[in-house]
Amino acid sequence: MTSFTDSNLVKKCQEKSVEGVELIPLLQDIRNNTFAAPNWLHIGSGNIFRSFIADIAQKIIAENGSNKGVIVADPYDGEIIEKIYKPYDNLFLSSILNPNGEFSLKLICSVTEALAPNLTQQDLDRFFHCFSESSLQIVSLSVTEKAYELYDINGNFLPWLVNDLKNGINKANGILSLLLRGLLKRFETCKTPLTFLAFDNCYHNGDKLKNSIQTLAAIFYKENKISKDFYDWILSNNLSFPLSMIDKITPHPTKQVQEELKKRGFSNTEIIKTTKNSVVAPFVNSEPAAYLVIEDAFPNGRPQFEKAGVIITTRENVILCENMKIETCLNPLQTALAIFGILFEYKYISDCVADPILNKLIIKMAEEGMAVVKDPHVINPHNFVNEVIKLRLPNPFIYDQPYRIATDSTNKINIRCGLTIKKYAKANLDKNGLVAIPLVIAGFIRYLQGKSDLGSPYKLASDLKIDYLNQIAKALNNENSDKALNEILTNKEIIGCDLKKEGMYETIKKMFLQMQNKNGVRSTLTQFLT
């Protein structure tokens with residue numbers, strides 16, 4: 001049996017009176033209870049899980065809301081499990097970076113098992129065994145929105161799905177396919193209802209996950225890879241996919257935090273980059289602010305989330321919270337700063353906010369969005385956006401980078417800009433009064449050209465549709481620029497609407513063309529915002 005008190009990490013936490021260490025005497029019982037009858041399995045072992053979701057599980061335990069922890073599995077990047085979880089007995093440090101420079105620590109010990117089902121048969125077997133347990137109430141996910149995708153931009157199956165169909169259900173190993181295999185295990189054993197809880201930061205995340213799993217099941221059924229009884233069970237009310245709104249800025253582990261931990265006597269703080277480009281460490285860092293709102297739809301029960309400050313409410317309220325955050329109060333502002341931050345060659349998001357013209361941009365963008373925001377009542381939109389602009393985004397100790405935020409922009413621009421334009425039309429508001437949102441769309445197209453406002457070349461951030469973006473970028477930089485501009489500005493999938501039909505095409509085209517010259521981006525922003 002593991003003696004947790006012998007751990008160097010635990011000893012140092014005890015010496016420093018780090019929060020969380022008081023649970024260590026209970027830890028073996030918590031792990032035994034969870035192993036015998038798991039109730040929460042999480043997919044995705046990255047930084048948002050470690051900084052926020054695992055902490056929720058820990059707070060529930062600390063408030064006597066549960067005697068069980070959470071099992072984490074990573075079917076995509078098992079290297080994180082092998083290098084960051086297992087060597088440290090699934091214990092790690094969470095550091096909170098406050099705007100005033102204060103630095104607080106917490107020992108996270110709620111993770112009872114860490115599985116890499118794509119690397120070891122033992123972990124794969126345990127992964128499926130969890131699904132067979134009627135005690136399992138929820139399977140939550142933080143795997144990024146692109147993990148829910150089945151098709152490429154041309155409507156063809158993505159390569160992982162082609163391989164899984166070829167290999168059959170029993171050997172399929174894509175993330176969604178492993179979930180389908182887990183459900184098959186549950187169908188063959190207990191048939192107990194189950195909740196899939198999406199924690200990914202995307203529009204209507206639960207609905208998107210539901211559609212992906214049901215569509216995948218339909219594809220396998222059509223190919224005679226699964227039975228009709230199982231397919232019908234997938235479509236029944238046995239499975240629930242509640243919506244959630246999750247919010248916590250969690251950048252990659254930073255060298256600044258690593259150095260601070262060393263000063264405090266903590267060793268083994270190496271930051272690693274896996275072969276799949278995950279940046280992780282035996283610690284995680286994040287901002288103080290944290291919000292989680294979940295639709296109350298749990299057919300087999302759930303952990304006592306309220307004890308951790310989670311808001312459990314109606315579907316309607318979750319949608320309003322999601323609209324507030326994703327369409328107006330945070331994510332669009334982040335995307336604007338990321339795009340122009342890259343164009344202005346800024347290193348950190350806080351540098352972008354400190355730029356007077358970019359500060360004006362996000363304030364104006366928030367004002368434009370707030371005109372179509374409805375109050376969800378469980379979170380005040382005005383207080384939320386003020387906190388974002390005045391405290392969260394300017395926090396110089398977060399060290400969040402524009403390139404991280406710009407990742408997968410093709411799945412973001414449509415929600416963070418296009419939807420507001422459509423809502424203006426629906427509300428009969430004057431779209432000609434929009435300035436910041438068109439500037440951000442124009443800036444996004446300008447960003448695709450791969451050259452900063454100062455004239456330096458750069459590579460585009462990682463994106464599921466990167467091949468398409470590279471084609472557009474190539475055309476924008478040669479004689480086919482007008483055709484490429486028309487192609488992307490009328491692309492509803494990326495922009496969220498046909499800007500010609502919305503009457504915004506010429507305005508955005510004008511802005512884009514003015515951004516072409518050296519320093520043209522800054523001069524264009526200055527012209528329209530002052």
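Helices (H or I, at least four residues) and strands (E, at least two) are taken here as DSSP runs, numbered from the N terminus. Just after helix 12, Glu-345 takes a positive phi of about 65°. This is a predicted model, in which local features need pLDDT of at least 70 and side-chain atom pairs count only at pLDDT 80 or more, while totals for chains, interfaces and linings use all residues. Residues are numbered from 1 along each chain as its sequence is written, and side-chain values use heavy atoms, with hydrogens and water left out.

**The chain as a whole**

- The secondary structure comes to 23 helices and 14 strands, and the C-alpha trace spans about 65 × 60 × 45 Å along its principal axes.
- Of the 530 residues, 59% count as buried, where buried means under 20% relative accessible area, exposed means over 50%, and partly exposed lies in between, with a 1.4 Å probe and protein chains only.
- Taking contact to mean heavy atoms within 4.5 Å, 76% of the contacts between residues at least 6 apart in sequence join residues at least 24 apart.
- The accessible surface, from the Shrake-Rupley method with a 1.4 Å probe and, for residues, with only the protein chains shown counting as cover, comes to about 21500 Å², of which 47% belongs to carbon and sulfur atoms.
- The chain has 60 positive and 58 negative side chains, and the centres of the two sets lie 3 Å apart; Lys and Arg count as positive and Asp and Glu as negative, with His and the chain ends not counted, and each charge is placed at NZ of Lys, CZ of Arg, CG of Asp or CD of Glu.

- Helix 12 covers residues 331-343, and its 13 residues reach 18 Å from the first C-alpha to the last, close to the 18 Å expected at 1.5 Å a residue, the expected span being 1.5 Å times one less than the number of residues.
- Because 13 of the 13 residues of helix 12 are buried, this helix is largely enclosed by the rest of the structure.
- Ile-413 has its place in helix 17, residues 413-426, and is buried at a relative accessible area of 0%.
- Not counting residues up to four places away in sequence, Ile-413 touches Thr-335, Ile-339, Gly-418, Phe-444, Ile-494 and Ile-495, while its C-alpha atom is separated by 9.6 Å from that of Ala-336, which is 77 residues away along the chain.

- Thr-34 is found in helix 2 and is buried, with a relative accessible area of 0%; leaving aside neighbours within four places in sequence, Thr-34 is in contact with Lys-68, Gly-69, Ile-71, Thr-112 and Arg-126.
- Leu-41 belongs to strand 1, residues 40-43, and counts as buried at 0% relative accessibility.
- The residues that Leu-41 touches, beyond those up to four places away, include Ile-71, Ala-73, Phe-127 and Val-139, and the C-alpha atoms of Leu-41 and Val-139 are separated by 4.8 Å although the two are 98 residues apart along the chain.
- Cys-109 lies in the loop between strand 4 (103-108) and strand 5 (111-115), yet is buried, with a relative accessible area of 2%.
- Leaving aside neighbours within four places in sequence, Cys-109 is in contact with Gly-20, Leu-23, Leu-27, Gln-58 and Leu-91, whereas Asp-453, 344 residues away in sequence, is 46 Å away in space, C-alpha to C-alpha.

**Loop residues and positive phi values**

- Glu-19 sits in the loop between helix 1 (8-16) and helix 2 (27-36) and is partly exposed, with a relative accessible area of 45%.
- Glu-19 touches Leu-105, Lys-106 and Leu-107, not counting residues up to four places away in sequence, and its C-alpha atom is separated by 4.8 Å from that of Lys-106, 87 residues away along the chain.
- Asn-64, in the loop between helix 3 (47-62) and strand 2 (70-73), has a positive phi near 60° and is exposed, with a relative accessible area of 70%.
- Asp-89, in the loop between helix 4 (78-85) and strand 3 (92-97), has a positive phi near 55° and is partly exposed at 25%.
- Most residues other than glycine have a negative phi.
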